[in-house]
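Please read it with the structure open beside the text.

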Amino acid sequence: MPDSSRRNFLVAGLAVPAAASAARSSADDPKHDAAPRPPLAPPQLRYRMLGDTGLKVTSVGFGCMVTSDASVIERAADIGITYFDTARVYQSGNNERMVGAALKGKRQKIALSSKSGAQTKAAALADLDTSLRELGTDHLDIWYLHAKTKPADVTDELIDAQQTAKKAGKIRFAGVSTHSGQTDLIPVLAANPHIDVILTAYNFSMGQTLDPVIAAAHAAGKGIVAMKVMAGGFRNTKPGDKLYNTFKKDGALLSALRWALKSADIDTTIPSMTDMDQLDENLKAMTGGFTKSDEVLLARQLERIAPLYCRMCGQCDGSCAKGLPVADLLRYLTYADGYGQFSLGRERFLELPAEVARVRCDACSTCTVNCPHGVRVSERLRRAQELFA
Amino acid sequence: MIGRIVARALLAAALALLPAQAGPVPRCDLAPGWTQQGAARAYEASNLFEYMDGNAEGYLLYGFVAMHGVTCVHGGDSILIDVSEFGDGDSAYGMFSANRDPRLPAETLGAGGQVTPRRVIFTKDRFYVELAANPDKDHTPALRAISAAVEKLLPGSTAVPAALAWFPADGQKSVRLIPESVLGLRLLRRGYVAEYEFGKAFVVEEPSPESAAAVMDKLRARFEVGQASLPVPALQLTDRYLDRLCFILKGPYIVGYANVAEGNDPAALAHALAARLP
């Protein structure tokens, strides 16, 4: 049966739009607005080896997904950023074309990666040929299988596609990108001799949960690229949200980038950048290490959101003795509390089976749900029941 | 029992047409022979990531409100239909403009569409619609039929954003709504950019003439340039990345051209563009 997931959607070549970056800094920050453009002084760049690939990359790379103007990418390359990442599906291919134009004449100085979400060898190789054409290059330095969440997603057929491309000289290294399910997936990738690079969501809101598997993969020689290093950890936030506005203040985004870079197992990062100010800001992460003030800043942010913010990690699945779908209920509460969409939250709540909607947390003397991220689950569930029931 | 069935049918019909924040729900019976596979999809800003990982961020940037989708099957073919609702028509058109292939012809579908053998995108009012077909073959007839039916289901206007008319059509390669940082400048928060062989035209609208003037002052400080001798407040300069460019202030708008090729006058182009604005 066909899979109705978005991943299959991608195989069909349908648009997956331009992305925004919740990671970008304030658009109305006066200290950035008023600042004259500084001369292009040579910044202090830091380099790391990308696993066993032999590629030497700046510790801050460039995630091009949300970039809408080629000038930002062009300037980043001139400054000395050496790693640029895009994907076949970003802006339905428009992003690859823009990246290719921006990096024209600079290709030999930089490492370039793209991705395919195809599910068959033929479709993946067709994607690769399109990527090469749109990017105006004869090879990719890294070609990722896009957005895999479990070991079964990384099929022998797709690995074979990467090997075929490698033999044809169309790619130098094979990679896999993953946004979730990393604790199961990364160890499998680490053990696969055909995988050279792992691109994973990694940020401070995850705490140390991914560190062991990332360290093991790195020790196995895999290059580790971190994405969603900043507000990726707050993927539900967007400009205008209270949380977004809180998070972007006081250099928290730079602190978050530094948090990712303090891990010796992270070879490079690919923060999204939409403008010159964001680029200048992110460059600072290479020169300044993670400081006590960064730690305090992030801790403050985490403290503020940790009791409320569900990471949707799924670890609470099935843990409620009364059978409550905990993550779902927390999400419904987010609609009301986080987005001011009470009616939507209530609508979802009322769609629950009657026996679930009838459950009241007040009736339990103890709660069997323990959130590994510190969300005060029973308190939040009680609020959901009070609001919606 | 019959009453309950009728009530459910009425409720379903009402939901399908309800222009609520979740938007109209696409159906598979919009085209003969197609049936729904699996449950309908419904996503909001808070969980869109679960459907499309990091790409969800692009929807959020354009003011995504909700998405409803279904997967339809017919024989061995499947078509996914996703209808996304945005805050307003400009934003929905912005999503469309970011994802259309400017090299392919536009289609008369809603306020604008594009049809390829396995894919359709179009926009109407505050809705952005995507259809994708499997397996790999020409699905154009089915895609056209279902797209037309979905388009009828959507309420609202098929008018394109008024801003599109501001840009000269002659030689225009593309026009897009940039949701933030126009020209890669954070100062220029949101605006339209049209690409031409000889450069990029842009229009950024500020909430008021005063705030637009303040942005111009900041631009002047940023680029460290003086005021050009033009009949309206303007600045003209050459930038390493934006090349030859000119900004002109007109009411709440900042308009201009960037990356202007030799042989063309950025100030004259910008002035002509400003004259087209209300």
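1. The model is predicted. In chain B, 53% of the contacts between residues at least 6 apart in sequence join residues that are at least 24 apart. Chain B holds seven helices and 12 strands, and 53% of its 278 residues count as buried.

2. On confidence, chain A has a mean pLDDT of 81, with 77% of its residues reaching 70 or more. Over residues 1–36 of chain A the pLDDT stays under 50, although the model gives this stretch 115 contacts beyond four places in sequence. Residues 231–236 of chain A also have a pLDDT below 50, and for them the model has 23 contacts beyond near neighbours in sequence.

3. Chain B is divided into domain 1, covering 2–153, and domain 2, covering 162–276. The contact between them takes eight residues from domain 1 of chain B and seven residues from domain 2 of chain B. On the side of domain 1 that touches domain 2, helix H4 of chain B (residues 89–99) gives the most, with five residues. That side of domain 1 of chain B divides into five nonpolar residues, two polar and one charged.

4. How much of H4(B) is buried? The helix is mostly covered, with 10 of its 11 residues buried, and among them are B:Tyr93, B:Met95, B:Phe96 and B:Asn99. The cover over the buried residues of H4(B) includes a helix of the other chain, H4 of chain A (94–102), together with strands E3 (77–86), E4 (112–116), E5 (119–124), E6 (127–134) and E7 (172–178) of chain B.

5. The largest nonpolar core has 166 residues, of which A:Ile73, B:Leu131, B:Phe202, B:Ile254 and B:Ala270 touch the most other members. Helix H10 of chain A (residues 252–261) supplies the largest share of this core, eight residues. Apart from it lies another core, of 17 residues, which includes A:Cys320, A:Val326, A:Cys361 and A:Leu381.

6. Two residues of chain B show the packing in more detail. Leaving aside residues up to four places away in sequence, B:Leu131 touches B:Ile79, B:Leu80, B:Ile81, B:Arg119, B:Val120, B:Leu143, B:Ile146 and B:Ser147. B:Ile81 lies in strand E3 of chain B, and its contacts, counted with the same exclusion, include B:Pro26, B:Cys72, B:Leu131, B:Ile146 and B:Val150. Why does B:Ile81 count as buried? It does so because 28 C-beta neighbours lie inside 10 Å, where 20 or more are required.

7. B:Ile81 and B:Tyr257 are 176 residues apart in sequence and 38 Å apart in space, C-alpha to C-alpha. B:Tyr257 belongs to strand E12 of chain B, where B:Tyr253, B:Val255 and B:Tyr257 on one side and B:Ile254, B:Gly256 and B:Ala258 on the other are all buried.

8. Strand E12(B) has antiparallel partners. Six bridges join it to strand E9 of chain B (residues 199–205), with B:Val204 standing opposite B:Ile254. Five bridges join E12(B) to strand E11 of chain B (residues 243–250), and here B:Ile248 has B:Val255 as its bridge partner. The hairpin of E11(B) and E12(B) has two residues between the strands, and in this hairpin B:Gly251 takes a positive phi near 60 degrees.

Technical notes: Residues are numbered from 1 along each chain as its sequence is written. Chains are lettered from A and ligands numbered from 1 in the order in which they are written. This is a predicted model: local features need pLDDT of at least 70, side-chain atom pairs count only at pLDDT 80 or more; totals for chains, interfaces and linings use all residues. Helices (H or I, at least four residues) and strands (E, at least two) are DSSP runs, numbered from the N terminus. A residue is buried if 20 or more other C-beta atoms lie within 10 Å of its own, exposed if 12 or fewer, and partly exposed in between; C-beta atoms are placed from the backbone. Domain bounds come from an automatic or database domain assignment. Ala, Val, Leu, Ile, Met, Phe, Trp, Tyr, Cys and Pro count as nonpolar, Asp, Glu, Lys and Arg as charged, and the others, Gly among them, as polar. pLDDT is the predictor's confidence in each residue, from 0 to 100. A nonpolar core is a set of buried Ala, Val, Leu, Ile, Met, Phe, Trp, Tyr and Cys residues joined through C-beta atoms within 7 Å. Two strands pair if DSSP finds at least two bridges between them.
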